[in-house]
Amino acid sequence: IQKAAASGTILSGSSFMIVLPVRAGDPSSILPYGVPTPDHPSGHPGIDFFLSDGNPVLASASGRVSSVASSPIAENPDQKSIGIDHQFNYVTYYTGSLQNIQVSVGQQVLQGTQIAEVKKSSHTSFHWGIRQQKTMKDLCPYDFVSPAEKAVLEQLNAKAVFHSKAQYPLVCNECNPPGGCK
């Protein structure tokens with residue numbers, strides 16, 4: 001099983017587990033955690049899923065919606081973001097080309113609930129991340145999913161094409177500096 005040594009761990013005594021925010025057959029590939037990009041030179045702080053227009057985005061775990069916002073950037077002026085607070089001070093976030101957002105701030109959601117759809121754009125994808133609120137550290141979502149879902153992520157990573165894949169071959173790659181994907 002692929003994992004970088006310090007990509008993030010479950011808190012001692014915690015049984016916090018999440019599920020993939022997509023249906024297993026929907027994504028065509030991913031951009032994995034820890035890969036440096038122009039927007040994230042110290043390492044990509046999550047996993048990007050590349051999907052088709054209209055594919056559902058699902059809540060990774062039950063919790064309370066803490067944010068729903070437009071977060072435009074030059075490459076994607078329609079970018080939106082959803083944050084969901086969970087037990088053990090974790091938050092999952094979903095950012096990208098989202099449409100038909102089906103949640104609002106304060107709403108309780110169950111794991112697997114559809115929260116939005118992917119919108120066709122120059123970036124028909126969305127970013128999925130998990131952060132530990134107490135430390136404000138971004139962690140690799142791979143470390144929190146079941147073995148079966150790790151296998152799905154590994155298959156998607158095998159299809160991934162990006163400039164530094166030989167240097168960053170894992171679903172969870174070490175950030176540079178270690179412990180600091182931003």
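Analyst: The link of Cys140 and Cys172 is left-handed, with -90° about the S-S bond. A disulfide here is a pair of cysteine sulfur atoms within 2.5 Å, and the S to S value for Cys140 and Cys172 is 1.7 Å. The structure holds 1 disulfide. This pair links distant parts of the chain, 32 residues apart: Cys140 lies in the loop between β11 (137-139) and α1 (147-159), and Cys172 lies in the segment after α1. Helices (H or I, at least four residues) and strands (E, at least two) are DSSP runs, numbered from the N terminus.

Cys140 counts as buried because its relative accessibility is 0%; Cys172 also has 0% and counts as buried. Buried means under 20% relative accessible area, exposed over 50%, and partly exposed in between (1.4 Å probe, protein chains only).

The model is predicted: local features need pLDDT of at least 70, side-chain atom pairs count only at pLDDT 80 or more, and totals for chains, interfaces and linings use all residues. Residues are numbered from 1 along each chain as its sequence is written, and side-chain values use heavy atoms, with hydrogens and water left out.

Now the sheet. Three strands form an open sheet in the order β3-β9-β7, with antiparallel pairing. β3 (56-58) and β7 (98-99) each have a single partner strand, so one side of each is left without a neighbour in the sheet. Two strands pair if DSSP finds at least two bridges between them; β7 and β9 (residues 114-118) pair in the antiparallel sense over 2 bridges. Gln99 has Glu117 in β9 as its bridge partner.
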